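Here are some notes to read alongside the model. Please keep the structure open and find each residue as it comes up.

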Amino acid sequence: MPQQTSENEARRAWRTGLGVAVATSAYGVSFGALAVAAGLDIWQTCVLSLVMFTGGSQFAFVGVVAGGGLAAVPAAIASAALLGVRNVAYGLRMSPVIGPDPWLRTAAAQFTIDESTAVSLAQQDRRARLIGFWVTGLGIYAGWNLSTLAGALLGDVLGDVRAYGLDAAAAAAFLALLWPRLRERQAIAVGAAAAVVATLATPWVMPGMPVLIAAGVAVVVGWTNWLGRRDTPAPEPDDVPEREGLP
């Protein structure tokens, strides 16, 4: 890849990562306020963000606790764990991007979330993918924990934080990343099938399961390539060997 093109990719990765970090971090205010309203102390809320650091699992945890109190903690842990399973798949996918260094892989594990994976894989060359991953992951980690603290401290003042529309920030960021990829029938079919299944399953199964069910449907639809063309796929970076059978 020409040097100028590589630099442009790197700058785009920086811009995208920072933009997603800002949008997602704002949603942490909502989590902090809801966690305190569910009965957690401020320090417990902050530790949860520092250690767990996966928004879906955190919201599932406080949601179940809010509905059942201390007696619901085992169910809350189970729900959070189910939602966290998806990060294992992200780790497999990101492994060739991060590289073989065990220290880097250990450090990257904490920041391997939906947003960092999505921003990284949206880039074209290895350097841009690494920049996208680390800028997004570290940016969200810092911003999410600061906004969690702010939400926990100001929860009573803010009132119902969902009224500010912060819960739509992360979804909007994901849509911005997903939209450019919806150019072929197969990609549209995968996204539509997963969305429909998740929507239908949500009222009937425990939190966390709709995501896993939808992921399974997406894998089946994508693997079979029912609507995809059989021509030669676009080239990918040399450091991503998934077409040789690896994740």
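1. Two rings of Phe, Tyr or Trp count as an aromatic pair if their centres lie within 6.5 Å, and the pair is edge-to-face if the planes are over 60 degrees apart. With that rule, a search of the whole structure, which is a predicted model, gives 6 aromatic pairs.

2. Are tyrosine 27 and tryptophan 144 buried or exposed? Buried means under 20% relative accessible area. Tyrosine 27 counts as buried because its relative accessibility is 18%. Tryptophan 144 is also buried, with a relative accessible area of 4%.

3. Phenylalanine 133 and tryptophan 134 form an edge-to-face pair too, with 5.1 Å from centre to centre and 85° between the planes. Phenylalanine 133 has 0% relative accessibility, so this residue counts as buried. Both residues belong to one aromatic cluster, together with Phe53, Phe111 and Tyr141.

4. In soluble globular proteins, nonpolar side chains tend to be buried together. Here the largest nonpolar core has 26 residues, and those that touch the most other members are Phe31, Val62, Ile140 and Trp144. Two or more residues of this core come from each of helix H1 (3-26), helix H2 (28-37), helix H4 (55-68), helix H6 (86-98), helix H8 (114-121) and helix H9 (126-158). Apart from this core lies another, of 5 residues, including Ala10, Ala128, Ile131 and Val135.

5. Which residues does valine 62 touch, leaving aside residues up to four places away in sequence? They are Phe31, Ala35, Ala38 and Leu48.

6. Two packed helices are described by the angle between their axes and the distance between the axes. For H6 and H8 the angle is about 35° and the axes are 10 Å apart. Their crossing is left-handed.

7. What meets what where these helices pack? From H6 come Arg86, Tyr90, Arg93, Met94 and Val97; from H8 come Asp114, Thr117, Ser120 and Leu121. By type, the residues of the contact of H6 with H8 are 4 nonpolar, 2 polar and 3 charged.

Terms used. Residues numbered from 1 in each chain as written. Predicted model: local features only at pLDDT ≥ 70, side-chain atom pairs only at ≥ 80, totals over all residues. Heavy atoms only, no water. Core = buried A, V, L, I, M, F, W, Y, C linked by side-chain atoms within 4.5 Å. Buried < 20%, exposed > 50% of the residue type's maximum accessible area, 1.4 Å probe, protein only. Helix = DSSP H or I, 4+ residues; strand = E, 2+ residues; numbered from the N terminus. Contact = heavy atoms within 4.5 Å. Axes fitted to C-alpha atoms, helices over the stretch in contact; angles between N-to-C directions. Left-handed = near helix turned anticlockwise from the far one by under 90°. Nonpolar A, V, L, I, M, F, W, Y, C, P; charged D, E, K, R; others polar. Phe/Tyr/Trp six-rings, centres within 6.5 Å; stacked < 30°, edge-to-face > 60°.
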